[in-house]
Amino acid sequence: MVARRRRDNVIVAVLAVLAVLGGGHAILDFFASDPPPPSDSATPATIGRAQLAGSFAQQFIVTYLSSVAGQQDRLGEYVGASAQQITLPSTARQVSDPAVVYVSRVGSFDTLEVWSVTVSVKVGKSAPTASSASGTATANNSAGADTRQFYRVGVSVLNGRLRALALPALVEPPSRGADLAQAYSSPCTADTPLTQVASGFLTTYLTGNGDVGRYVTLDAGIAALRPAPFTAVETVAVTSDDNSCGAARTHAQVLVTVNPKADGGAVATLAYPLTMVRDGGQWQVQSVDAVPAMTNPPAVIADQQNSRASAPSSTTSLPSTTVQIPRATQN
């Protein structure tokens, strides 16, 4: 009982001091649990270190793949070459077009971070020697067909200093992904309101012929491209999530496929996802969207690549299947 009374007296004394210093708010804070530590998973500093690790890995892989026998010391800037059993070819390979394709932080320990970086490069059979004549060098360049390869390497970042954990590993390229079902389910003919406005807008937007303002909302902030990249635009197809194609609704997601033409002739087909609204009877373009509209909830079209092995050899088309993605939930 005496010990319990002493403990209670200590608690009362602490509460009294808190009440004097900060009032009731301080008392509540005393009982409140500590807030979780801030997460730096998306802070600018973390993003910067990821870019630093990616740049280092890219330089290391290009240097490593282009090195020849006798140049082991050249790799000491990146990895502990003395502790590695390194064998280098006698003829350097052509390495070009490097790109960091994936960076992932796999560990964090106080001031030390460990990153996994995948770099894509084009690798040729061999590089021409300095003594080769220009004609021979050209022949070697044309004979060695470049292939794109993917290399992964672990990188440590300790107080801003970088080091490769081991030699690079050749890995598989990213596999082909599945197609996502889009929200554009209804084709629209040339005489429908959505097609007429969308076609007129893209013609003006891409050729500069006419006033874009007549096709867009006041707050759209869309202006024709300058200088105009094309001389003419042919509308190939217009599809929408509005099955009336503008006759019944006041809001629509529209995908427009066009064949532009330049001074040199036809160019590659382009596709523009648009958000369109109707105000006072007139359809207008509200925005040129960054990505096409997806179904809600999103649906993944079955990956036909995985089913090719079991597919029948006949030319009969198989029905497509979709897999529903659960709605996102908030923790």
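This note sets out several points on the cores, a strand hairpin and selected side-chain contacts of a predicted model.

1. The largest nonpolar core comprises 27 residues. Those with the most contacts inside this core are Phe201, Ile222, Val256, Leu274 and Met276. In soluble globular proteins, nonpolar side chains tend to be buried together.

2. Two or more residues of this core come from each of the following elements: α4 (193-207), β7 (232-240), β8 (251-262), β10 (270-279) and β11 (282-288). The greatest contribution is that of α4, which gives 7 residues.

3. Another core, of 23 residues, lies apart from the largest one. Its members include Phe56, Phe60, Tyr64 and Leu75.

4. Strands β3 (residues 147-158) and β4 (residues 161-164) are paired in the antiparallel sense, over 4 bridges. Within this pairing, Leu158 has Arg161 in β4 as its bridge partner. The hairpin has 2 residues between the strands, and Asn159 adopts a positive phi near 55° there.

5. Gln149 belongs to strand β3. A polar contact of 2.6 Å joins the side chain of Gln149 to the side chain of Tyr151. When residues up to four places away in sequence are not counted, Gln149 touches Arg93, Val119, Ser120, Val121, Val123 and Leu170.

Definitions and conventions:
Residues numbered from 1 in each chain as written. Predicted model: local features only at pLDDT ≥ 70, side-chain atom pairs only at ≥ 80, totals over all residues. Heavy atoms only, no water. Core = buried A, V, L, I, M, F, W, Y, C linked by side-chain atoms within 4.5 Å. Buried < 20%, exposed > 50% of the residue type's maximum accessible area, 1.4 Å probe, protein only. Pairing = 2+ DSSP bridges. Polar contact = N/O pair within 3.5 Å; in protein donor to acceptor, adjacent residues only side chain to side chain. Contact = heavy atoms within 4.5 Å.
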